[in-house]
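Take a moment with the model before reading on.

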Amino acid sequence: MDTDPLLSSIYGPGWRHCPSPNPQLELVLSLEREIDLVELEQLCDAVGWSRRPIRRVRKALQNSLLRVGLWRHDPRVPRLVGFARCTGDGVMEATVWDVAVHPLYQGAGLGRQLMDYVLEQLRLMEVDRVSLFADPEVVGFYQSQGWELEPHQRRCAFWYSP
């Protein structure tokens, strides 16, 4: 856990630096910083997802177990460049949804760091089993991180606590 008081005031407790190959770029993972729905919609547009009604997205976020933002840090206006959320019982099982990293930031290991942060938070809750659903073209990304694919290896992957 990082302890910079300025960043703690912006991103809340538990924030973490997200290393980037570009030393000029400061990226931060946060559970606490509120997700702006317009920014989230812009991120979803950038990765090519279909639009969802804002009121339903708001309700989905309110009912999520975890909401993790990946922020390009700027002390005046941080920008949301990545996102993931989880639903579940918070004890035994969780499901990861809506993992997105803006295309301008893809290919630098940020998606892996985002997922590592999500799994770390779920481990702290002592969640034993995590599932996710992904489009077929990105299933390999999860498989390369040790997720076990469902038998048909199309959309669903599982992670089990060691």
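This is a predicted model: local features need pLDDT of at least 70, side-chain atom pairs count only at pLDDT 80 or more; totals for chains, interfaces and linings use all residues.

Residues are numbered from 1 along each chain as its sequence is written, and side-chain values use heavy atoms, with hydrogens and water left out.

Start with the interior. A nonpolar core is a set of buried Ala, Val, Leu, Ile, Met, Phe, Trp, Tyr and Cys residues joined through side-chain atoms within 4.5 Å. Buried means under 20% relative accessible area, exposed means over 50%, and partly exposed is in between (1.4 Å probe, protein chains only). The largest nonpolar core holds 32 residues, and V96, L122, V130, L132 and W147 touch the most other members. At least two residues of this core come from each of strand 2 (27–30), strand 3, strand 4 (79–88), strand 5, helix 4, strand 6, helix 5 and strand 8 (156–160). Helices (H or I, at least four residues) and strands (E, at least two) are DSSP runs, numbered from the N terminus. Helix 4 gives the largest share of this core, seven residues.

Now look at L122. Which residues does L122 touch, not counting residues up to four places away in sequence? They are L65, L66, C86, A94, V127 and V130. Contact here means heavy atoms within 4.5 Å. There is also a second, separate core of 16 residues, with V28, L43, C44 and L61 among them.

Next come the open spaces. The search uses a 1 Å grid over the protein atoms alone. A pocket is an open set of points with protein on both sides within 12 Å along at least five of seven lines. A cavity is a set of points where a 1.4 Å probe fits but cannot get out. Lining residues have an atom within 4 Å of a point. Grid points are joined across faces, edges and corners, and a volume is the space filled by probe spheres set on the points.

The largest pocket contains about 660 Å³ of space. Its lining has 27 residues, and W49, V99, A100, V138 and Y142 are the closest to its centre. Strand 5 (93–101), helix 4 (110–124), strand 6 (129–133) and helix 5 (139–143) each give at least two residues to this lining. Strand 5 supplies the largest share, six residues. By class, the lining has 18 nonpolar, four polar and five charged residues. Ala, Val, Leu, Ile, Met, Phe, Trp, Tyr, Cys and Pro count as nonpolar; Asp, Glu, Lys and Arg count as charged; the others, Gly among them, count as polar.

The second largest pocket has a volume of about 280 Å³. Its lining includes L31, E32, R33, L61 and R67. Helix 3 (54–62) and strand 3 (66–72) each supply at least two of the lining residues. Helix 3 gives the most, three residues. Six residues of this lining are nonpolar, one is polar and five are charged.

How many cavities of 30 Å³ or more does the whole structure have? The search finds one. About 100 Å³ of space lies in this largest cavity. Among the residues that line the cavity are L37, C44, W49, R52 and V57. Helix 2 (37–46) and helix 3 each give two or more residues to the lining. Helix 2 gives the most, with five.

Turn to the cysteines. A disulfide is a pair of cysteine sulfur atoms within 2.5 Å. The whole structure has zero disulfides. C18 is buried, at 3% relative accessibility. The sulfur of C44 is 15 Å from its closest cysteine sulfur, also in C86, which is again too far for a bond. C44 is buried too, with a relative accessible area of 7%.

Finish with the backbone. D98 is not a glycine, although it has a positive phi of about 55°. D98 is found in strand 5 and counts as buried, at 17% relative accessibility. E126 is not a glycine either, and has a positive phi of about 65°. E126 lies in the loop between helix 4 and strand 6 and counts as exposed, at 61% relative accessibility.
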